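Q: I'm new to this one and would like to go through it piece by piece. Could you show it to me?
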Amino acid sequence: VTSVGKVVKYTVILPVILLVFLIIRAMTLPGAFDGLSYYLVPDWSALLDINVWAAAYGQIFFSLSILFSIMVAYGSYLNKEAEVTKDAMIIGFADAGISFLSGIAAFGTLGYLSAVSGTPISQMKHTGIMLAFVTYPEALAQMPGGRLVVILFSLVFFIMLFTLAIDSAFSIVEAIITAVVDKFGWNKSKTTLWVCVIGFASSLIFATRAGLYWLDVVDHFVNDFNLIAIGFVECLALGWVFGADNIRDYLNSNTDFKYGKWWSACIKYLCPVIFLFISVTYLITNLTTPYDGYPVSNLIAGGWGIVLLTVIFGIGISLVKGKNEDKATVS
């Protein structure tokens with residue numbers, strides 16, 4: 001955590017600076033304001049599509065790094081006097097602001113691509129990983145100003161993407177390492193190495209010619225469906241088993257920014273109902289209609305199969321006795 005803290009001082013601020021460059025460039029392109037109109041003018045009928053809600057929740061969960069146990073892992077390093085309530089609000093609003101700015105850069109550029117290609121934005125791949133790895137790079141490749149300008153802004157974009165990915169990798173790996181080291185008492189350096197090796201080996205499929213399609217399938221099911229289902233279970237555990245009021249009292253004990261009873265109501269009632277409804281509806285929708293026209297066998301292997309494996313793995317790990325549990329039993 002100490003070494004990561006030193007690195008993220010640069011990898012967090014750098015993409016924000018690069019994002020500003022991309023926004024300025026996007027605003028100077030022909031058709032940019034058509035793209036912004038598509039981005040900012042609501043299509044209310046889309047709210048009837050459960051996949052839109054699932055994708056939105058999945059994006060927010062991933063962007064905030066919640067329901068991956070990442071915040072639980074990092075929270076374990078905080079002292080008991082940390083003002084979590086203020087930090088949570090700052091992180092939430094900052095994340096929303098950066099996401100909003102990212103949309104300006106993306107759709108301003110897509111407006112230009114639409115103008116030069118004659119393809120409506122609605123027919124472009126502007127959701128999920130296809131935006132970052134297919135549509136947006138295509139728009140960069142067609143930017144006016146010559147080859148040097150194209151290379152420059154492509155570098156800016158992919159360096160930004162790389163620094164964001166590094167931060168995400170730090171967090172995800174740390175969550176896994178913290179869990180297994182705390183449970184089994186393994187050596188942290190060796191555990192870090194093996195977690196990275198396993199992650200590297202399992203991700204090689206995404207570097208194949210079909211890699212983007214596999215990534216799209218995994219992203220759709222793991223980030224959208226899996227995280228929402230986990231959110232439902234986590235709300236039940238925290239709201240009803242541990243007690244939402246107990247958590248709220250603890251959070252309010254050392255801060256002047258206090259959560260009211262509305263917070264407990266959200267954890268106990270509002271969030272579980274929303275998550276359960278979306279999970280069930282999403283499940284029915286994706287079982288009856290294959291996602292994005294992919295073969296059912298691929299969806300089972302890269303989608304439903306991964307979801308099932310995470311459930312089996314999670315239950316299996318919880319049933320295995322850890323180092324401290326063995327000591328407790330002997331005692």
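Q: Which residues does Asn 226 touch, not counting residues up to four places away in sequence?
A: This is a predicted model, and in it Asn 226 touches Phe 221, Val 307 and Thr 310, with residues up to four places away in sequence left out of the count.
Q: And where is Asn 226 found?
A: Asn 226 is part of helix H10.
Q: Is Asn 226 buried or exposed?
A: Asn 226 counts as buried, because its relative accessibility is 7% and the cut-off for buried is under 20%.
Q: Moving on to H11, what do its buried residues pack against?
A: They pack against three helices, namely H4 (50-64), H10 (211-252) and H12 (296-319); the buried residues of H11 include Trp 263, Ile 267, Pro 272, Phe 275 and Tyr 282.
Q: Where does H11 bend?
A: The bend is at Ile 267 and comes to about 40°, and Ile 267 is also among the buried residues of H11.
Q: How far apart are the end C-alpha atoms of H11?
A: They are 40 Å apart, which agrees with the span of 40 Å that the 28 residues of H11 (261-288) should have at 1.5 Å a residue.
Q: New topic: what lines the second largest pocket?
A: Eleven residues line that pocket, and Val 4, Phe 170, Val 173, Glu 174 and Thr 192 lie nearest its centre, while the lining as a whole divides into seven nonpolar, two polar and two charged residues.
Q: Which helix gives the most to that lining?
A: H8 does, with five residues, and H1 (2-11), H8 (147-184) and H9 (188-202) each supply at least two.
Q: How much space lies in that pocket?
A: The second largest pocket holds about 160 Å³ of space.

Technical notes
Residues numbered from 1 in each chain as written. Predicted model: local features only at pLDDT ≥ 70, side-chain atom pairs only at ≥ 80, totals over all residues. Heavy atoms only, no water. Helix = DSSP H or I, 4+ residues; strand = E, 2+ residues; numbered from the N terminus. Expected span 1.5 Å × (residues − 1). Bend = angle between axes of the 7 residues up to and from the residue. Buried < 20%, exposed > 50% of the residue type's maximum accessible area, 1.4 Å probe, protein only. Contact = heavy atoms within 4.5 Å. 1 Å grid on protein atoms, 1.4 Å probe; cavity = no way out; pocket = protein on both sides within 12 Å on 5 of 7 lines; lining within 4 Å. Points joined across faces, edges and corners; volume = space filled by probe spheres on them. Nonpolar A, V, L, I, M, F, W, Y, C, P; charged D, E, K, R; others polar.
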